[in-house]
Amino acid sequence: MLRMQPFDTHYPNTIDEAVAHLEALQGKAKLCAGGTDLIPNMKHGLHEPQALVHIGRIKELVTLEETADA
């Protein structure tokens, strides 16, 4: 069984909160939305973040929208 190093998880509700967590953790955090790549890589020791900042609850990031220029 593969084991991960312990880490904290933050669940911001806004983009500003997510950015504040990332700034406070000074490069020791990883962003996580679904975690389908990140979590297995952590189990294999490829990433050992001090914390995860889970952005799945941020309403502004839930929907993709196509516009004329993007």
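**Note on the predicted model**

1. Q26 is found in the loop that links α1 (15–24) to β2 (29–32). The model under review is a predicted one. Although Q26 is not a glycine, its phi is positive, at about 45 degrees. Most residues other than glycine have a negative phi. The side of the question that concerns solvent is clear: Q26 counts as exposed because its relative accessibility is 64%, and the cut-off for that class is over 50%.

2. As to the overall fold, the chain contains two helices and three strands. Their order along the sequence is β-α-β-α-β.

3. Along the principal axes, the C-alpha atoms occupy a box of roughly 45 × 25 × 20 Å.

4. On burial and surface, 20% of the 70 residues of the chain count as buried.

5. Contacts across the sequence may be summarised as follows. When contacts between residues at least 6 apart in sequence are considered, 59% of them join residues at least 24 apart.

6. Which residues form the largest nonpolar core? This core has six residues, namely A18, L25, A29, A51, V53 and I58. In soluble globular proteins, nonpolar side chains tend to be buried together.

7. V53, a member of that largest core, may be examined individually. Once neighbours within four places in sequence are set aside, V53 is in contact with H10, P12, A18, H21, L22, L25, A29, K30, L31 and C32.

8. Is L61 buried or partly exposed? L61 counts as partly exposed because its relative accessibility is 44%, which falls between the 20% and 50% limits. With neighbours within four places in sequence excluded, the contacts of L61 are with I15 and I55. The C-alpha atom of L61 is separated by 19 Å from that of D37, a residue 24 places away along the chain.

9. The chain carries 6 positive and 10 negative charges, and the mean positions of the two sets are 14 Å apart.

Terms used:
Residues numbered from 1 in each chain as written. Predicted model: local features only at pLDDT ≥ 70, side-chain atom pairs only at ≥ 80, totals over all residues. Heavy atoms only, no water. Helix = DSSP H or I, 4+ residues; strand = E, 2+ residues; numbered from the N terminus. Buried < 20%, exposed > 50% of the residue type's maximum accessible area, 1.4 Å probe, protein only. Contact = heavy atoms within 4.5 Å. Lys, Arg positive; Asp, Glu negative; His and termini not counted. Charge placed at Lys NZ, Arg CZ, Asp CG, Glu CD. Core = buried A, V, L, I, M, F, W, Y, C linked by side-chain atoms within 4.5 Å.
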